[in-house]
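Colleague: I'd like to learn how to read a model like this one, feature by feature. Could you take me through it?

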Amino acid sequence: MTVENHRSNRPFHSLLSRVGGVCIVLLPVSGLAGCGYTDSRTAHRAQLAMIGMNSTDVQSCVGIPDKIKKIDDHVQIFEYSRTLNIPSTNDSTFVPLQTLVNLTETTVGGAGKTCIADIRIEDDKVVDLHYSGDDDEIIGSDGVCSIVTRGCVRKPVESMRKVKRGPLGPISAFHPPRTPIVPEAPASTAMPVTTATVKTVSAEGK
């Protein structure tokens with residue numbers, strides 16, 4: 001290799017070294033971002049899968065509500081409030097991990113720790129599930145709220161609906177799904193009582 005070729009390749013090798021160093025430093029942050037993506041999909045999956053559940057199954061996989069608000073004889077709200085426990089990471093000599101996490105959260109957001117989940121139940125069926133609070137992680141929305149509903153998503157109960165999995169399914173990490181319509185109970189097949197029916201029964205009874 002000539003001296004000229006060696007000198008021309010030096011900027012390229014320098015660039016590769018810098019890129020590699022940045023990637024190594026950002027690996028922990030990208031791991032945290034990946035967790036936020038998965039949590040958001042879990043929380044949003046519950047907003048579809050839990051529609052139609054009865055109140056007994058809700059309490060079996062989510063837990064006893066922190067508050068219950070009775071609207072009328074047909075409607076009640078189950079409210080759950082949860083806080084995410086995030087342990088702090090000490091900076092080391094080589095990789096200031098906690099500093100990187102703080103800078104990432106300040107730049108792109110996603111330092112949420114609290115979730116309030118309100119489950120609306122009509123005639124003993126879940127018809128809507130809303131999230132509120134400071135509940136966004138680094139990537140995605142409502143990721144903190146997965147701590148409320150992931151018990152139902154991980155181990156579905158009988159009254160839950162099936163939701164297609166995979167990246168092409170109806171679940172997104174970045175926005176909640178549209179609330180589906182609750183299926184109506186099948187109509188009764190009992191024969192209506194008419195005047196002719198009454199006369200027939202009376203004739204058979206003689």
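**Reading the fold**

Modeller: Happy to. Going from the N terminus, the elements run α-α-β-β-α-β-β-α-α. Keep in mind that this is a predicted model.

Colleague: How many helices and strands does that make in the protein?

Modeller: There are five helices and four strands. Of the 206 residues, 32% are buried. The protein exposes about 13,700 Å², with carbon and sulfur atoms supplying 58% of that area.

Colleague: And what share of the contacts join residues at least 24 apart?

Modeller: Taking contacts between residues at least 6 apart in sequence, 67% join residues at least 24 apart.

Colleague: Let's turn to disulfides. How many does a search of the whole structure find?

Modeller: A disulfide is a covalent bond between the sulfur atoms of two cysteines. Here the search finds two. Counting bonded cysteines along the chain, the pattern is 1-4, 2-3.

Colleague: Which parts of the chain does the pair Cys 61 and Cys 152 link?

Modeller: The sulfur atoms of Cys 61 and Cys 152 are 1.9 Å apart. Cys 61 sits in helix α2 (residues 55–61) and Cys 152 in helix α4 (residues 146–154), 91 residues apart, so this pair links distant parts of the chain. The torsion about their S-S bond is about 80°, so the disulfide is right-handed. Both Cys 61 and Cys 152 are buried.

Colleague: Where do the cysteines of the other pair, Cys 115 and Cys 145, lie?

Modeller: That disulfide has an S to S distance of 2.0 Å. Cys 115 belongs to strand β3 (residues 114–122), while Cys 145 is in the loop between β4 (125–132) and α4, so the pair ties together parts that are 30 residues apart in sequence. With a torsion of about 105° about the S-S bond of Cys 115 and Cys 145, this disulfide is right-handed. Cys 115 counts as buried at 0% relative accessibility, and Cys 145 is buried with a relative accessible area of 0%.

Colleague: Now β3 itself. How do the side chains along β3 point?

Modeller: In a regular strand the side chains alternate between the two faces of the sheet. Along β3, Cys 115, Ala 117, Ile 119 and Ile 121 point to one face and are buried.

Colleague: In what sense does β3 pair with β2, and over how many bridges?

Modeller: β2 and β3 pair in the antiparallel sense, over nine bridges. β3 and β4 also pair in the antiparallel sense, over seven bridges.

Colleague: What about the largest nonpolar core: which residues touch the most other members?

Modeller: In soluble globular proteins, nonpolar side chains tend to be buried together. The largest nonpolar core here has 29 residues, and Met 50, Val 58, Val 62, Tyr 80, Ile 119 and Tyr 131 touch the most other members. The elements giving two or more residues to this core are α1 (3–49), α2, β2 (75–83), β3, β4 and α4.

Colleague: Which residues does Ile 119 touch?

Modeller: Leaving out residues up to four places away in sequence, Ile 119 touches Met 50, Val 58, Gln 76, Ile 77, Phe 78, Tyr 80, Val 126, Asp 128 and Leu 129.

Colleague: How many aromatic pairs does a search of the whole structure find?

Modeller: The search finds one aromatic pair. Tyr 37 and Phe 174 form it, 6.3 Å centre to centre, and with 55° between the planes the pair is tilted. Tyr 37 lies in helix α1 and Phe 174 in the loop between α4 and α5 (195–205), so the pair ties together parts that are 137 residues apart in sequence. Tyr 37 counts as partly exposed at 33% relative accessibility, whereas Phe 174 is exposed at 54% relative accessible area.

Colleague: One last stop: where is Pro 180 found?

Modeller: Pro 180 is in the loop between α4 and α5. Pro 180 and Val 127 are 53 residues apart in sequence, and their C-alpha atoms are 8.2 Å apart in space. Not counting residues up to four places away in sequence, Pro 180 touches Gln 47, Leu 48, Ile 51 and Arg 161.

Methods:
Residues are numbered from 1 along each chain as its sequence is written. This is a predicted model: local features need pLDDT of at least 70, side-chain atom pairs count only at pLDDT 80 or more; totals for chains, interfaces and linings use all residues. Side-chain values use heavy atoms; hydrogens and water are left out. Buried means under 20% relative accessible area, exposed over 50%, partly exposed in between (1.4 Å probe, protein chains only). Contact means heavy atoms within 4.5 Å. Accessible areas come from the Shrake-Rupley method with a 1.4 Å probe; for residues, only the protein chains shown count as cover. A disulfide is a pair of cysteine sulfur atoms within 2.5 Å. A nonpolar core is a set of buried Ala, Val, Leu, Ile, Met, Phe, Trp, Tyr and Cys residues joined through side-chain atoms within 4.5 Å. Two strands pair if DSSP finds at least two bridges between them. Rings of Phe, Tyr and Trp (its six-membered ring) pair if their centres lie within 6.5 Å; planes under 30 degrees apart count as stacked, over 60 as edge-to-face and the rest as tilted.
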